[in-house]
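This report describes the fold of a single protein chain. Please keep the sequence and the coordinates at hand while reading.

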Amino acid sequence: MVIVNTDYISGKELEMLGMVKGSTIQSKNLGHDIGQSFKTLVGGELKSYTDMMNDARALATRRMVEEAEKLGADAVVNVRFASASVMAGAAEVMAYGTAVKFK
């Protein structure tokens, strides 16, 4: 599966199949939240949350690709990511794009 953030793939003619998406809501456990809250006092990267968001993007992307495969897609173009805080310590991540088939 080819995944790109452009609306074309060089050298390929594309047939649009439709929008596909994948999402997840992730949170860290209370122990990590307490540890990370202390980190905000001194500054620096909140590694635990960085890891959480990386995992969430990977899962959302995997779910988007699964939806594209069900449509018989060869690729997903114009891929974008969006995130939003759902509650303290939890975030939704969505990956979305256009499923296409090569002509």
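The text below goes from the overall layout to the sheet, the helix, the cores and some single residues.

**Basis**

This is a predicted model, in which local features need pLDDT of at least 70 and side-chain atom pairs count only at pLDDT 80 or more, while totals for chains, interfaces and linings use all residues. Residues are numbered from 1 along each chain as its sequence is written, and side-chain values use heavy atoms, with hydrogens and water left out.

**Overall layout**

The chain has two helices and four strands. Helices (H or I, at least four residues) and strands (E, at least two) are DSSP runs numbered from the N terminus. Along the sequence they follow the pattern β-β-α-α-β-β. Of the 103 residues in the chain, 28% are buried. Buried stands for under 20% relative accessible area and exposed for over 50%, with partly exposed in between (1.4 Å probe, protein chains only). Among contacts with a separation of 6 or more, 74% are between residues 24 or more positions apart; a contact means heavy atoms within 4.5 Å.

**The sheet**

Four strands make up an open sheet of mixed pairing, ordered β1-β3-β4-β2. β1 (2–3) and β2 (14–27) are the edge strands; each has a single partner strand, so one side of each is left without a neighbour in the sheet. Two strands count as paired if DSSP finds at least two bridges between them. The pairs are listed here.

| Strand pair | Sense | Bridges |
|---|---|---|
| β1 and β3 | parallel | two |
| β2 and β4 | antiparallel | 13 |
| β3 and β4 | antiparallel | 10 |

In general, strands of a sheet pair through backbone hydrogen bonds, either parallel or antiparallel. I3 has V76 in β3 as its bridge partner, and G18 has A99 in β4. M87 stands opposite A90 in β4. β3 and β4 form a hairpin with two residues between them, and G89 in that turn has a positive phi of about 80 degrees.

A positive phi also occurs at N78, a residue other than glycine, where the value is near 55 degrees. N78 belongs to strand β3 (residues 75–87) and is partly exposed, at a relative accessible area of 31%.

**Helix α2**

Helix α2 (residues 47–70) lies across β1, β2, β3 and β4 (90–102), and runs at about 145 degrees to β2. Axes are lines fitted to C-alpha atoms, for helices over the stretch in contact, and angles run from 0 to 180 degrees between N-to-C directions. How far apart are the end C-alpha atoms of α2? They are 35 Å apart, which agrees with the 34 Å that its 24 residues should span at 1.5 Å a residue. The expected span is 1.5 Å times one less than the number of residues.

Buried residues in α2 include Y49, M52, M53, A56, L59, A60 and M64. An α-helix has 3.6 residues a turn, so residues three or four places apart point the same way. Just after α2, G72 takes a positive phi of about 80 degrees.

E67 is also found in helix α2, and at 26% relative accessibility E67 is partly exposed. Not counting residues up to four places away in sequence, E67 touches M19, V20 and K21. The C-alpha atoms of E67 and M19 are separated by 9.4 Å, although the two residues are 48 residues apart along the chain.

**Nonpolar cores**

A nonpolar core is a set of buried Ala, Val, Leu, Ile, Met, Phe, Trp, Tyr and Cys residues joined through side-chain atoms within 4.5 Å. The largest core has 16 residues, of which V20, M53, M64, A68, V76, V93 and A99 touch the most other members. α2, β3 and β4 each supply at least two residues of this core, and the largest share, eight residues, comes from α2. A second, separate core of five residues includes I9, A75, V77 and V100.

**Contacts of V93 and T24**

Leaving aside neighbours within four places in sequence, V93 is in contact with G22, S23, T24, M53, A56, R57, A60, A82 and S83.

T24 lies in strand β2 and is buried, with a relative accessible area of 7%. With the neighbours within four places again left aside, the contacts of T24 include A56, L59, A60, R63 and V93. The side chain of T24 also makes a polar contact of 2.9 Å with the side chain of Q26. A polar contact is a pair of N or O atoms within 3.5 Å; within protein, one must be able to donate a hydrogen and the other to accept it, and residues adjacent in sequence count only if both atoms are side-chain atoms.
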